[in-house]
Amino acid sequence: MNEDTLIDESLQKLYSPSDFRNIGHQLVDVLADHLDQVQSQREQAVLKYQNPEEELAYWKEDMSSDTDIIDVYKDILERSIHVHHPRYMGHQVAVPSIISSLSGLVTDLLSNGTGVYEMGMASNALERIVTDFVAKKIGYGSDASGFLTSGGTLANLTALLAARKAKAPGMVWEEGHKEKLAVLVSEEAHYCIDRAARILGFGAEGIIKIPSNKSYKIDTSLLEEYLENAQRKGLVVIAVVGCASSTSTGSYDDLEALATFAKDNNLWFHIDGAHGGGVVFSEKYKYLAKGIDKADSVVIDFHKMLLTPALNTALIFKNSEDSYKTFEQKAQYLWDSQQSREWYNSGKRTFECTKLMMSLKVYSIIKMHGKDIFEKNINRLYDLGKAFAAIIKEREGFELLIDPEANIVNFRYTDVSSDVINSLNSQIREELILSGKFYIVQTMIGEDRYLRTSIMNPLTEESDFIALLDEIQKIAFRFK
Ligand SMILES: Cc1ncc(COP(=O)(O)O)c(C=O)c1O
């Protein structure tokens, strides 16, 4: 026996089925208790805020102690934000359905790379089923197809790469671009669009921000003027990007108007539906995204409105062919030819090489809860947004920014002299976070600070909104 090839016991233990069973059972119990508590006991904190240095110190000490791993998990729960809490109304992160989270255990155990077929047979097949389903809901025809990728940011960048391939003059992939390329987008677009344009080398001039109207939608009456100005400056505009919806206010751009403008000017039409694209599943709310089927590419995050853990994003193309042209590279060790159109080798079309096995997290939801579950969730969250807005309007001392189209509701406390409204609202948010009773965020709208809520949890109820406003009022009385 060669001493050098004897496996160390601790390496063997890494893969012990009995440890998996034992720790797994305990962990599931801990997580189920956690879910039970945060969902049913409103007085449980949404977040027990610690400052970063204290948090770091805590974990440094833990690192050098011999805490049992189950206690570590309990500590992690204690020291994390709880999106399952009905009073979590902060950033746009889905409250993951349990079946999707459990699927995460399966996919993390299997760790199928998914970029190539053999490294994710089931995964690639499920991805095809799931993305075809989304394409159909968008209203695309049989030429459409897409894939899943890690997040809206990456998906938007990938779509703009496809736009560049389709619309920029010359052989950009081989030679770089000689022209100054540009995209048109609302000033309300998520910052990742700006970032994508700059990553593509368009520079600050190449991200042309069109002012929005009083509903925070792109002002479509300005499109021609901005395009002509750009062309006069020598820019080659390749794409127009629509928001469905915007991040700050949840406003949907006029997608029909953008589609017509794109067609008339031979531009790629991309829609960032990372947040609100999920309305394609809803009979009640799909009118908000009317025209989405005319886009060349659409991004929809499952991990925002569609019940999966982060990250899980669909990028769908009206013409499948466009998605295969984006990356024209050889990767001999993965596949023989970049020219062949193999849906099952998803690495040909995504930025990623090793890719998470995301599809099961969507598929399992459909399998267990039915195809209309996304519709139910969208309807519930958008209805709750409207209900919250109505409550704010009724309440003295509060001001609603706009009637929300989506589940994003902005408001502020105004029963104080105008020069301190901003500072008081900042203070209110800080106090709320420190109290742990609610989690909301804030945003600047022009010069004004607003409290911003995204209603992400279908278990949130109208009484939670009333409790939030009561709490804000109490804080305001203390500080004004
Ligand atoms: C409209 C919009 N687009 C893109 C993104 C970025 O998506 P992700 O966080 O999945 O990268 C966000 C995130 O909030 C968003 O609201």
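1. Let's start with a term you'll need: a residue counts as buried when its relative accessible area is under 20%. Keep in mind, too, that this is a predicted model.

2. Now try that cut-off on Thr 114. Is Thr 114 buried or exposed? Its relative accessibility is 0%, so Thr 114 counts as buried. You'll find Thr 114 in the loop between α5 (98–110) and α6 (121–138). Have a look at its backbone as well: phi is near 65°, a positive value in a residue other than glycine.

3. Leu 307 is another one to check. Its phi is near 75°, again positive although the residue is not glycine. Leu 307 sits in the loop between α12 and β7. With a relative accessible area of 11%, Leu 307 is buried, because the cut-off is 20%.

4. Next, the peptide bonds. Which residue is joined to Ala 244 by a cis peptide bond? That partner is Ser 245, and omega is about 5°. Ser 245 belongs to the loop between β4 (235–243) and α11 (255–264).

5. There is also a cis peptide bond from Ala 310 to Leu 311, where omega is near -10°. Leu 311 is placed in the loop that runs between α12 (302–305) and β7 (313–317). Why flag points like these? Most residues other than glycine have a negative phi, and most peptide bonds are trans.

6. On to the ligand. How many residues are around the ligand? There are 14, and those that come nearest are Gly 152, Thr 153, Thr 247, Asp 272 and Asp 301. Sorted by class, the shell has two nonpolar, nine polar and three charged residues.

7. Where do these shell residues come from? Both α7 (152–167) and α12 supply at least two residues each. The largest share, three residues, is from α7.

8. Zoom in on some side chains here. Thr 153 has a polar side-chain atom 2.6 Å from an oxygen atom of the ligand. For Asp 272, an N or O atom in the side chain is 2.6 Å from a nitrogen atom of the ligand. Lys 304 places a polar side-chain atom 3.2 Å from a ligand oxygen atom. As for cover, the ligand on its own has 390 Å² of accessible area, and the protein covers 86% of that.

Methods: Residues are numbered from 1 along each chain as its sequence is written. This is a predicted model: local features need pLDDT of at least 70, side-chain atom pairs count only at pLDDT 80 or more; totals for chains, interfaces and linings use all residues. Side-chain values use heavy atoms; hydrogens and water are left out. Helices (H or I, at least four residues) and strands (E, at least two) are DSSP runs, numbered from the N terminus. Buried means under 20% relative accessible area, exposed over 50%, partly exposed in between (1.4 Å probe, protein chains only). A residue is near a molecule or strand if one of its heavy atoms lies within 4 Å of it. A polar contact is a pair of N or O atoms within 3.5 Å; within protein, one must be able to donate a hydrogen and the other to accept it, and residues adjacent in sequence count only if both atoms are side-chain atoms. Accessible areas come from the Shrake-Rupley method with a 1.4 Å probe; for residues, only the protein chains shown count as cover. Ala, Val, Leu, Ile, Met, Phe, Trp, Tyr, Cys and Pro count as nonpolar, Asp, Glu, Lys and Arg as charged, and the others, Gly among them, as polar.
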